[in-house]
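Let's walk through this model together, step by step. Keep the sequence and the 3D view side by side as you read.

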Amino acid sequence: MRRNGLHADLVEKLRVDDELHRSIRVEDRAGTVPLEEALILDTAEQRRKLILSVLTEDPVQYYDLLQQARMNDDSEVVHYAATAMAQISKQADLALQQDARRFADDPNDREVLAAYANALERSLKLGLAQGRAAELQRRQLERLLKLQLADSPREEGYSLGCRLAEVQLQLQEYKAAEQTLEELVRRWPVRETPWLLRLRSAAARKSGAEVRSILQEMERTQVYLSAAGRQELAFWKGGAA
């Protein structure tokens, strides 16, 4: 790591495709192997090769795997994982501070606003802040998303609204989340995300009757569901049975 360094833009790359990015090619092995299994099953030498491959490829994409690796029984693997996580945290903190300063200096710049919101969202997804600090970040993110929604094109408003509702649910602001989701369902009645978030909201409030009602509404509305959406819907139907 000291020789090659870490990419300066690692913090920007967060989306993980489980099937593609969680498997990497290893020398002297046929095909690919899931990294989670390799950390448990492979030899010490192969585990070290795998963790080093992760570090040189893109550590941020494998942050959750690095957390697992930090608990490995191989001290060298633990050292690499802990060092990478510390570096990722440092870079994310610096990026967040820079975006916060830029927003304070120019709060009316849409690009600056979006960059700050994205930085907060990345920090929360990585779990870099805990407890009260995480709550304050979520409240700031909620504020920023509302500002973005106030002046956004229709299509951008959909993704912003879904993000806002998710943050409101995490903050347990259920009334506000329901208002956000009702507006999303009104404007985009057949898109799955607002409906699935409504189901999560009802479940979080322990309202089985509302879960069943939403499921019936979804069936009447003929909501378009992706493969992941169908899988989640099957889960809720099983719970509501």
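Trp195, Leu196, Arg198, Leu199, Ala202 and Ala203 of helix H10 touch Glu210, Val211, Ile214, Leu215, Glu217, Met218 and Thr221 of helix H11, where contact means heavy atoms within 4.5 Å. Helices here are DSSP runs (H or I, at least four residues), numbered from the N terminus. Sorted by class, the residues of this contact are 9 nonpolar, 1 polar and 3 charged; Ala, Val, Leu, Ile, Met, Phe, Trp, Tyr, Cys and Pro count as nonpolar, Asp, Glu, Lys and Arg as charged, and the others, Gly among them, as polar.

This is a predicted model: local features need pLDDT of at least 70, side-chain atom pairs count only at pLDDT 80 or more, and totals for chains, interfaces and linings use all residues. Residues are numbered from 1 along each chain as its sequence is written, and side-chain values use heavy atoms, leaving out hydrogens and water.

How do the two helices lie? The axes of H10 and H11 (residues 208–221) come within 9 Å and cross at roughly 165°; axes are lines fitted to C-alpha atoms, for helices over the stretch in contact, and angles run from 0 to 180 degrees between N-to-C directions. H10 and H11 are therefore roughly antiparallel to each other, a label for angles over 145 degrees.

Helices H6 (110–126), H7 (131–149), H8 (154–170) and H10 (192–204) each give two or more residues to the lining of the second largest pocket. H8 supplies the largest share, 5 residues. The lining has 5 nonpolar, 2 polar and 5 charged residues.

Definitions and conventions: Parallel < 35°, antiparallel > 145°, perpendicular 65-115°, else oblique.
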